[in-house]
Amino acid sequence: MDEWVTLSRYTTLGTGGAARWFARPASVDALQNVLGWASAEGVGVETIGLGSNLLVHDGGVDALVLKLDGELASARIEDGFLVAGGGAPNAVCLHRARAAGLGGLGFASAIPGTVGGGVRMNAGAYGREWRDVLVDALVVDAEGARTLSVEELDLSYRHSGLRPGEVVAQARFRLEPSDPESVKTLVAELLAARKATQPTNKRTFGSVFKNPGGAMGAGRLIEECGLKGYRSGGAVISPRHANFIENAGGATSADAIGLMAEARRRVHERFGIELEHEVRFLGPLELPRL
Ligand SMILES: Cc1cc2nc3c(=O)[nH]c(=O)nc-3n(C[C@H](O)[C@H](O)[C@H](O)COP(=O)(O)OP(=O)(O)OC[C@H]3O[C@@H](n4cnc5c(N)ncnc54)[C@H](O)[C@@H]3O)c2cc1C
C-alpha cells in the first residue's frame, strides 16, 4: 500500500491532489485483503479506472484509492463470453473481442475508460450502452464478493445502483459473431465521427453534464448561453463542444468547478433547467446551489 500518491496522472483532465492511501490489487484475493484493511481501519474506499470521467479535489482524497491491476485489468474470451477485469481498458476488450470474431462492443471504442468505470456509469454511445451487452458483474466489498445481474446493478442513463465501497472486479459480456474486418471498419467510422464533433485531442473528462432530456442537449444549452471558449484559470469550455471542459495548460479542478458552476447558473437563468453533472467527483468537491 502506498501513501500520498498524486492522482493527476491517473485522470484524463490531469488535475487533482493526492490519495491518502493507494493500492493496485491484482487479484480478487488481494482486493478483498485491502478492502478488509480499509474496513478495519475505518478508511473510505474509492476506485478509479482510467479517470476519464473523474474530477479529483485539488487538496486530495482522504481515502484508500484503488486502481485494479493484473488479472483484474485483463480480458479473455470464455465459453463465447468476453470476461474482463473491472480495470480492463475498453480498448483491450475491443481488441480481444475482434480477434475472436465477436462484435457488438464497437460503440465502446469512443469511450476511453475501463470495464468497471463503464458499469458504474452505464457508459454508452451511438444508441448502445453497457446494459445492452453486459450479462453480470462480480462486485466485491468489505463483506465479500457476489455476482450481480444487469437488473440487480440497476443500470439506467449514466447511472448504476453501485454504492460507495463496492468494486466491480470482473464483468461478463454477451457479444455476437462478427467479421473482424467489419468491426474494424465500424470502429474507424465511429472514431472519425467523434473527431469531427468533439475535442478528442485535448485533455478533458468527457461529458460534463448529463443531457437533461428535451430538444436541446447539455452542450447546446451551454453554447446558447455564449459560453464556448469561456475560461477560468487554465480550464476552458471547449470551443468545439460546449459540454466538454479542456485543460488548456495548468488547469486545476477548482478551475473546472468554476466553469461548471457558471454554466449551470447561466443555463438555469436562461432556460430554467438544472443541469446534473455526469462527471464523478473524488474528494470534497461540490457545485454551489442554484
Ligand atoms: C474524450 C472522452 C470521450 C468520452 N465519451 C464518452 C461517451 O461517449 N459515453 C460515455 O458514457 N462516456 C464517455 N466518456 C466518459 C468516460 O470515458 C466514461 O464514463 C467511462 O466509462 C469512465 O470509465 P473510467 O474507467 O475512466 O472510470 P473513472 O473515470 O476512473 O471513474 C468513473 C466512476 O466509476 C467508478 N469506478 C471506476 N472503476 C470502478 C470499478 N472497477 N468499480 C466500481 N466503480 C468504479 C469511479 O469511482 C467513478 O465514480 C468520455 C470521456 C472522454 C475523456
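Predicted model: local features only at pLDDT ≥ 70, side-chain atom pairs only at ≥ 80, totals over all residues.
Before the structure, one term: contact here means heavy atoms within 4.5 Å.

Helix α8 runs over residues 253-271. Its 19 residues, at 1.5 Å a residue, should span 27 Å, and the end C-alpha atoms are 26 Å apart, so the two figures agree. Just after α8 comes Gly272, with a positive phi of about 70°.

Which residues of α8 are buried? The list is Ser253, Asp255, Ala256, Ile257, Leu259, Met260, Glu262, Ala263, Arg264 and Val267. In general, an α-helix has 3.6 residues a turn, so residues three or four places apart point the same way. As for what covers the buried residues of α8, the cover includes one helix segment, α7 (218-224). It also includes the strands β4 (54-56), β15 (231-232), β16 (235-237), β17 (245-247) and β18 (280-282).

Now the ligand. There are 31 residues around the ligand, and Thr47, Ser52, Thr114, Gly124 and Arg194 come nearest. The shell divides into 13 nonpolar, 13 polar and five charged residues. Helix α3 (115-121) and the strands β3 (45-48), β9 (124-125) and β13 (167-174) each supply at least two residues of that shell. Which element gives the most? That is α3, with five residues.

On individual atoms, a backbone N or O atom of Gly49 lies 2.7 Å from a ligand oxygen. A polar backbone atom of Gly51 is 2.9 Å from an oxygen atom of the ligand. From Arg158, a side-chain N or O atom is 3.3 Å from a ligand oxygen. On its own the ligand has 970 Å² of accessible area, and the protein covers 93% of that.

Notes
Residues numbered from 1 in each chain as written. Heavy atoms only, no water. Near = heavy atom within 4 Å. Polar contact = N/O pair within 3.5 Å; in protein donor to acceptor, adjacent residues only side chain to side chain. Areas by Shrake-Rupley, 256 points an atom, 1.4 Å probe, with all protein chains shown as cover. Helix = DSSP H or I, 4+ residues; strand = E, 2+ residues; numbered from the N terminus. Nonpolar A, V, L, I, M, F, W, Y, C, P; charged D, E, K, R; others polar. Expected span 1.5 Å × (residues − 1). Buried < 20%, exposed > 50% of the residue type's maximum accessible area, 1.4 Å probe, protein only.
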